Every structure is written in C-alpha cells, then in structure tokens.
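The following paragraphs lead the reader through a protein model, one region after another. Please keep the sequence and the structure in view while reading.

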Amino acid sequence: MRGFFISVEGIDGAGKSTHVDFISRYLKDKGYEVVTTREPGGTVLGEKIRDLLLHNGQEIHRITELLLMFASRQQLIAELIEPNLAKGVCVIADRFIDASIAYQAYGRGIGREKLDKIISLLEPNYTTDLTFLFDLPLDLAFTRLNKSRQKDRIEQETSSFFANVQNAYQMIAKNEPDRVKVITTNQLKEKTRILLASYLDQLIKKRTAND
Ligand code: TMP
C-alpha cells in the first residue's frame, strides 16, 4: 500500500508549521511510518535553492522564482516523496504545488495557464491525498509575522500580495473540497487538533475501504 501524501498550506503567519508535528505523531500512533519535509527545500539541493529564493538579498524575476520553486519540487519528488510513498511511508510536506498556484500564479500574477504547463513537467506527476489549508484573517497573520523573526524576501511583500495569495488558496479549497480542508487557526489549539484528527481518520477509513 502506498503511503499517504499530505501537505499543509497557508499564507505566511497562518501558523501551519506547528501542526506538522501533530499530524506526524497522530499517524505514527496509528502505526504508519512517516517522514516530514518542506518546500522549497527538503533535499540538499532544495535547501540551497530555498536559501537563494528567500535570503539572497537580490531581486528575483517572478518566472525565475517560479522555476526555482519547481526545481526544488522536482528534486524533492525524485529523492524523497516518490521513493517513500512507493514503499508505504507517509509523507507530510510543509507546502506543495498549491503554494505555487497561490503565490506564483495569483500572488505574482503569472496566471494559471503557465502554472499548469510547468506542473505538467513534474515526474511523476500527482497531487496530495489530503491538504490542510491553515487560514487566519490577514491582519492577524501580519501581526504574527511582524512579531516573529526577521522577515525573508517573500514575507516582506505587501498586504495586497498576501490578500491575492489568500484568495487563491480559498478558491483552491472551494474547488477541491474533498482534498483541501480549511482549518481556521484563530481558535484553541486543542480544537484544531480534534479537527485534524477527524480528517486524518476519514482519510485512513477511505483508504481502508478501497483496499
Ligand atoms: P515557508 O516559510 O512556509 O517555509 O515557505 C517559504 C516561502 O516560500 C513562503 O513565503 C511561501 C513561498 N513559496 C512560494 O512562493 N511558492 C511555492 O511554491 C512554495 C513551496 C513556497
């Protein structure tokens, strides 16, 4: 049986990363093997690309940014995602293709058509079994970001950029309600965890029923 492929998404400051550990522990407790990773990054090459993308201090053309995101992604698929899924290990990725749709296609205004072309180049070409979209009102996400550490290149973008990214994420969730589950993060952590657990249980049940 292939492992589950799960991603977490959301605008910067929405608080998604803290939930990766919970998802991983939950699946491990159910007896699954799990690896966690992140995008951009997750491989030696990918982490170098991440550094170029986020911390290089220079202007990056939006298409260059798009290509670098996908270069990192292809390497991650080839080195980590596909080999693990194939041997039955679950992969939890902190961001995947939905991030490029939200940030590059809509945030940067590259458009869906060009995105779809580049998505079609990926080998193998697939999407997640389940994606959690962590959602938070923009002003709260901004307050969190401003309080945290030094901002990287993308975190320094304007609020209208993030509004476009957030709208795009919400549109993806609306179009694919079976795959993408929206989790509002301005609620108690415990409540968020109960929701995450119930969606994970549904995924496990669906897979078991199909096998
Ligand atoms: P992170 O801070 O959540 O690790 O993500 C790194 C940044 O990269 C974040 O600002 C979102 C951005 N990003 C894109 O713009 N496109 C992508 O495809 C991915 C994976 C991330």
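The model is a predicted one.

Pro124 is found in the loop between helix H5 (112–119) and S4. The peptide bond that leads from Glu123 to Pro124 is cis, with omega near -20°. A cis bond also runs from Glu39 to Pro40, here with omega near -15°, and Pro40 has its place in the loop between S2 and H2.

The next region is strand S1. How many of the five residues of strand S1 (residues 5–9) are buried? Five of the five are, so the strand is largely enclosed by the rest of the structure. In a regular strand, side chains alternate between the two faces of the sheet. In S1, Phe5, Ser7 and Glu9 point one way while Ile6 and Val8 point the other way, and all of them are buried. The strand also has two pairing partners to consider. With strand S3 (residues 90–94), S1 pairs in the parallel sense over four bridges; within S3, Val91 is the bridge partner of Phe5. With strand S4 (residues 130–135), S1 is likewise joined by four bridges, and these two strands run parallel; within S4, Thr131 is the bridge partner of Ser7.

The buried residues of the helix are Gly46, Ile49, Arg50, Leu53 and Leu54. They cover an arc of only 115° around the axis, which puts them on the same side of H2. An α-helix has 3.6 residues a turn, so residues three or four places apart point the same way. What do the buried residues of H2 pack against? They pack against strand S2 (34–38) and helix H3 (62–86). The face turned away from this buried side carries the exposed residues Val44, Lys48 and His55. Just after H2, Gly57 takes a positive phi of about 70°.

Helix H3 also holds Glu65. Is Glu65 buried or exposed? With a relative accessible area of 1%, Glu65 counts as buried, since the cut-off for that term is under 20%. Its side chain is joined to that of Arg153 by a polar contact of 2.6 Å. Beyond its neighbours within four places in sequence, Glu65 is in contact with Leu53, Ile60, Gln104, Arg108, Arg153 and Ile154. Leu53 is also one of the buried residues of H2.

Some residues already named return around the ligand. The ligand is surrounded by 14 residues, and the closest are Asp12, Lys16, Arg95, Ser100 and Gln104. A polar side-chain atom of Asp12 lies 2.9 Å from an oxygen atom of the ligand. For Ser100, a polar side-chain atom lies 2.6 Å from an oxygen atom of the ligand. Arg50, from the buried side of H2, has a polar side-chain atom 2.9 Å from an oxygen atom of the ligand.

Two further buried residues complete the tour. Phe22 is found in helix H1 (residues 18–29) and counts as buried at 11% relative accessibility. Although Phe22 and Leu196 are 174 residues apart along the chain, their C-alpha atoms are separated by 8.7 Å. Residues up to four places away in sequence aside, Phe22 touches Arg193, Leu196 and Ala197. Gln166 lies in helix H7 (residues 159–175) and is buried, with a relative accessible area of 10%. Under the same exclusion of sequence neighbours, Gln166 touches Ile11, Asp135, Leu136 and Leu138.

Definitions and conventions. Residues are numbered from 1 along each chain as its sequence is written. This is a predicted model: local features need pLDDT of at least 70, side-chain atom pairs count only at pLDDT 80 or more; totals for chains, interfaces and linings use all residues. Side-chain values use heavy atoms; hydrogens and water are left out. Buried means under 20% relative accessible area, exposed over 50%, partly exposed in between (1.4 Å probe, protein chains only). The arc is that of the directions from the helix axis to the C-beta atoms. Contact means heavy atoms within 4.5 Å. Two strands pair if DSSP finds at least two bridges between them. A polar contact is a pair of N or O atoms within 3.5 Å; within protein, one must be able to donate a hydrogen and the other to accept it, and residues adjacent in sequence count only if both atoms are side-chain atoms. A residue is near a molecule or strand if one of its heavy atoms lies within 4 Å of it.
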